[in-house]
Amino acid sequence: MSQELGIDLTKVHHYRFADGEVGLSIDESVRGDDVYVIQPTCAPVNDNLMELLVMVDALRRASAARINLVMPYFGYARQDRKAKGREPISAKLVANLIEHAGAHRVLAADLHAGQIQGFFDIPVDHLLGVPLLASWFKRNVVKDASPDSIVVVSPDAGVVVRARKMATLLGADIAIVDKRRDHGKQNVSEVMEMIGADVKGRTCIIIDDMIDTAGTIVNAARALRDKGAEKVFCSATHGLFSGPAIERLKDPAVTGVVVTDTVPLPENKKLDKMTQVSMAPLFAEAIRRIHCESSVSSLFN
């Protein structure tokens with residue numbers, strides 16, 4: 001992002017105490033400055049979140065005029081409601097921590113649920129990854145096929161709005177996987193049935209906000225192949241790829257994997273059939289507009 005904006009990164013010294021405490025010092029004056037802190041709270045989630053909070057506190061105490069958090073991936077976003085009794089709403093807790101630390105604004109990409117913006121009492125700008133992913137599929141998949149041969153697939157009912165947006169951008173049909181989740185276990189789901197467009201002989205694009213352990217999306221890919229789909233691409237804004245995800249995505253049912261770069265991707269988590277689409281230009285333009293106090297939402301018009 002700094003390269004896109006033509007601005008050098010501020011020098012910051014990070015360190016850890018012997019017991020694991022996070023420490024840092026900002027090596028340049030930020031007094032009266034408009035500061036943008038870029039930090040996805042992906043794995044290790046708690047370390048990255050604590051580092052972010054400590055940095056915000058340091059900037060506030062250093063008299064920065066405005067502290068803007070750029071969070072390409074917002075950790076704890078999946079814990080946005082109580083699915084059963086005696087559960088926390090951790091996304092709200094994290095929002096409170098960020099506000100109390102002293103942040104003035106949050107810039108995030110594809111929150112797990114849009115209503116998380118309401119957990120904050122400070123401005124939140126919400127960037128969307130679907131237009132970028134749709135552009136990649138237009139250039140690399142749809143160009144070699146007619147729109148009638150493409151089906152955008154929602155891996156569960158909660159992703160229908162995102163799938164419909166991509167289907168509109170691609171001029172494609174939409175299908176929905178009826179997924180049943182075992183609420184006693186996290187990251188475990190079972191594909192049940194297919195609803196919507198016929199996928200037989202067609203290229204399917206599964207879209208989600210994130211790929212974590214890849215169980216849901218690979219099960220959906222297998223179900224689509226069983227229904228006669230010719231190719232199945234798995235796509236998401238956030239490629240977390242936790243635990244067995246990479247091994248699962250090697251499944252021959254998956255033709256290709258397309259994610260953005262909101263989460264750093266180490267070499268051991270890359271596959272030959274995997275593509276990363278950069279969101280850096282979009283974030284850079286959003287930062288420029290925020291600083292100049294112009295419209296961010298018009299980026300998607």
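Predicted model: local features only at pLDDT ≥ 70, side-chain atom pairs only at ≥ 80, totals over all residues.

Gly 20, with a relative accessibility of 44%, counts as partly exposed. The terms run as follows: buried means under 20% relative accessible area, exposed over 50%, and partly exposed in between, with a 1.4 Å probe and protein chains only. Gly 20 sits in the loop between β1 (12–16) and β2 (22–26). Helices (H or I, at least four residues) and strands (E, at least two) are DSSP runs, numbered from the N terminus.

Residues are numbered from 1 along each chain as its sequence is written, and side-chain values use heavy atoms, with hydrogens and water left out.

Glu 21 is also in the loop between β1 and β2, and its relative accessible area of 44% makes it partly exposed. Apart from neighbours within four places in sequence, Glu 21 is in contact (heavy atoms within 4.5 Å) with Tyr 15 and Arg 16.

Which residues does UniProt list under "binding site"? The unreviewed entry gives Asp 19, Gly 20, Glu 21, Arg 78 and Gln 79. These residues span 61 residues in sequence, and their farthest two C-alpha atoms are 29.5 Å apart, so they do not all gather at one spot. UniProt positions are given here in the numbering used for this model, feature names are shortened, and annotations may be inferred rather than shown by experiment.

The same record, again as an unreviewed entry, places "domain: Ribose-phosphate pyrophosphokinase N-terminal" at residues 2–102. Over residues 2–102 the chain is 33% helix and 21% strand, with its end C-alpha atoms 23 Å apart.

I turn now to the chain as a whole. Its secondary structure comes to eight helices and 13 strands. For 301 residues, a compact globule would have a radius of gyration near 19 Å, and the 20 Å of the protein chain agrees with this; the radius is taken over C-alpha atoms, and the globule rule is 2.2 Å times the number of residues to the power 0.38. Along its principal axes the C-alpha trace spans about 60 × 40 × 35 Å. Of the 301 residues, 48% count as buried. Among contacts with a separation of 6 or more, 61% are made by residues 24 or more positions apart.

In helix α5 (residues 160–170), the buried residues are Val 160, Arg 162, Ala 163, Met 166, Ala 167 and Leu 170. They cover an arc of only 160° around the axis, which puts them on the same side of α5; the arc is that of the directions from the helix axis to the C-beta atoms. Val 161 and Thr 168, on the other side of α5, are exposed. Just after α5, Gly 171 takes a positive phi of about 65°.

In helix α6 (residues 215–226), the buried residues include Ile 217, Val 218 and Leu 224. Just after α6, Gly 228 has a positive phi of about 100°.

Finally, the buried residues of helix α8 (residues 280–291) include Leu 282, Phe 283 and Arg 289. What covers the buried residues of α8 includes α1 (2–5), β3 (34–38) and α4 (130–140). Just after α8, Glu 293 takes a positive phi of about 55°.

Technical notes: Expected span 1.5 Å × (residues − 1).
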